[in-house]
Amino acid sequence: MSVRVRFAPSPTGYLHVGGLRTALYNFLFAKKHNGTFILRIEDTDQSRKVEGAMENLIATLKWAGINFDEGPDKDGSHGPYIQSQRLSIYKEHAEQLIKNGKAYYCFCTAERLEEVRKQQSLQGLDPKYDGHCRTITIDEARRRIQSGESHVVRMRVPDEGEVKFTDMIRGDVSIQNKILDDQVLLKSDGYPTYHLAVVVDDHQMEISHVVRGEEWLPSTPKHVLLYQYFGWDVPKFAHLPLLLNPDKSKLSKRQGDVAVEDYRSKGYLKEALVNFVALLGWNPGDEREIFSLDELIKEFSFERVGKAGAVFNIEKLNWMNQQHIKLKSTEELLPLVRPLIQEKGWKVPDAYVRQVIGLMKERVVVLGDFVGGCPYFYQDPTLYDEAARAKNWKPESAEQIMKLAGKFESLTQFDAATIESALRSTAEEFKIGAGKLIHPLRLALSGVANGPSLFHMAEVLGKDAVLRRIGNAIERLR
RNA sequence: GCUCCCGUCGUCUAGGGGUUAGGACACGAGCUUUUCAAGCUUGUAACACGGGUUCGAUUCCCGUCGGGAGUACCA
């Protein structure tokens, strides 16, 4: 059997990191088995529709490197891939169920439904549709519809028996029919609910494995029942453990960033985010942790996906981002850093940025650190860190640095080696340790107490900037 | 409430009838060092609880507790 899987988000804004992982697992599984990965847009709730959300979703998936084979803008002869364009299909299927007695028209108003639920909870019963419209004959129903009465279609769930299915991650799951609700399948506006739409689409699109979040586990029995009603083969299911907030509730906004775009704009590499999210619930079975997308494809399997929810731990993501940055060449980093410098309005040539990247690469966590973490590479310092000044700038420093500047001036070759020897010889002349010059010079050049190797930093800055900054510092730090 | 799912260091996890319960992040210490990082070495830290089964359970079974999800004309 060929593998066909799908990621089916609803376009309500941005791509959630939980969604990213669901999409990723689907993608990895498809690629691993030479299968097909499909993107389907589930926009059956008109009230939640957000303009541009679908384009955004597609762009973000593309950014992450999770490419789909079939989808809204990639026809694969199983479309359309946007549910709002498939309304007639759902309607036909709902009617088929009605004809077979597996579904029925319901005319209950929202008010009545609410009242019923209220009464039930008052009596300590489960809130559930009371079957009020179950016995209305099709003829009568048609008359009422003809006269313009608002209605929905509900599935008829048997009162007895149970539904069983096997989940690739959780094993056998079963549930009693009697606790299942007569789920609405077709809403009064003619749109299907999720439950009808997924089943119909997954079947028509020949989905072999339904891989989705654990929040769907409780409604899966209804879906299985629908497959049976239609006489269709049931696909395999894999319900992924949830991604959690630090307090263990389902990962949500208000407790941190959940949008993939947020992490992107904060300077996380797609490689790091994908790698990190892959390891939330899955592991390779050995102690490797850093993976490329291709390696993930090679290693992935549902047997190694865990059952328990996983807290989204930003500290580990930070570490992983560092690792992936270090894995990248300066040339690969350049186009990622360049726009950030542009944003600040700073103008420096590529050759210069390459040198900065070279020096900063080992000490950066997010891409922004190449810029905001070392502004002194782009601008003369105007403020000097107070603590550093108190610690490193002594009354005699000005004279010593002045002397050093004199030596710098006469250097024909201004590189890390010549800078270092000039500094060391100056220190000797004053009979002080090199540190007594290094620290104040660093303060003068960068305005702060720490950063990359001072001599290399000075080399990158260049002689003119170094002399100018020394002059400024002596003026301002007196 | 009811239904379903889950339960190994603070977090991500490996393991599985007999182990010094392993790794990673974070945290502490040390080394290195012109600073800060990085790197290397190292330390602290876990099988939720109670019953079984068994010569032996963290591992298998049951219960309890705890957590989560679902319970919509939202997905």
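Leaving aside residues up to four places away in sequence, Ile-207 touches Arg-4, Val-5, Arg-6, Asp-202 and Pro-235. All of this comes from a predicted model. Ile-207 itself belongs to the loop between α6 (194-204) and β8 (209-213).

Phe-291 can be described in the same terms. This residue is found in the loop between α9 (270-278) and α10 (293-299). Phe-291 is buried because 20 other C-beta atoms lie within 10 Å, and 20 is enough to meet the cut-off. Its contacts, again not counting residues up to four places away in sequence, are Asn-275, Ala-278 and Leu-296. Glu-271 sits 20 residues from Phe-291 along the chain, with 8.3 Å between their C-alpha atoms.

Now for some loop residues with backbone angles worth a look. Asn-34 has a phi near 50 degrees, which is a positive value in a residue other than glycine. Asn-34 is placed in the loop between α1 (17-32) and β2 (36-39). With 8 other C-beta atoms within 10 Å, Asn-34 is exposed, since 12 or fewer is the cut-off for that label. Ser-77 is not a glycine either, and its phi is also positive, at about 65 degrees. This serine is in the loop between α2 and α3. Ser-77 counts as exposed because it has 6 C-beta neighbours inside 10 Å. The loop between α2 (53-64) and α3 (87-99) also holds Pro-80. Gly-79 and Pro-80 are joined by a cis peptide bond, with omega at about 0 degrees.

Next up is strand β3 (residues 103-106). Which way do its residues point? Ala-103 and Tyr-105 point one way, Tyr-104 and Cys-106 point the other way, and all are buried. In a regular strand, side chains alternate between the two faces of the sheet. The partner of β3 is strand β4 (residues 152-155); the two run antiparallel and are joined by four bridges. Across this pairing, Cys-106 stands opposite Val-152 in β4.

Two helices also pack against each other. The axes of α16 (residues 416-429) and α17 are 9 Å apart, at an angle of about 125 degrees. That angle makes α16 oblique to α17. Which residues make the contact? On the α16 side they are Leu-423, Thr-426 and Ala-427, and on the α17 side Lys-436, Leu-437 and Ile-438. The residues of this contact split into four nonpolar, one polar and one charged.

Finally, there is RNA strand B. How many residues surround RNA strand B? There are 61, and the closest are Glu-42, Ala-308, Ala-310, Val-311 and Asn-450. Helix α17 (435-446) turns up here too, as one of the elements that each supply at least two residues of the surface near RNA strand B. The others are α4 (110-122), β6 (171-176), β11 (310-311), α11 (314-327) and α18 (454-461). By type, the residues of this surface divide into 23 nonpolar, 20 polar and 18 charged.

Conventions:
Residues are numbered from 1 along each chain as its sequence is written. Chains are lettered from A and ligands numbered from 1 in the order in which they are written. This is a predicted model: local features need pLDDT of at least 70, side-chain atom pairs count only at pLDDT 80 or more; totals for chains, interfaces and linings use all residues. Two residues are in contact if their C-beta atoms, placed from the backbone, lie within 7 Å. A residue is near a molecule or strand if its C-beta atom, placed from the backbone, lies within 6 Å of it. Ala, Val, Leu, Ile, Met, Phe, Trp, Tyr, Cys and Pro count as nonpolar, Asp, Glu, Lys and Arg as charged, and the others, Gly among them, as polar. Axes are lines fitted to C-alpha atoms, for helices over the stretch in contact, and angles run from 0 to 180 degrees between N-to-C directions. Angles under 35 degrees count as roughly parallel, over 145 as roughly antiparallel, 65 to 115 as roughly perpendicular and the rest as oblique. Two strands pair if DSSP finds at least two bridges between them.
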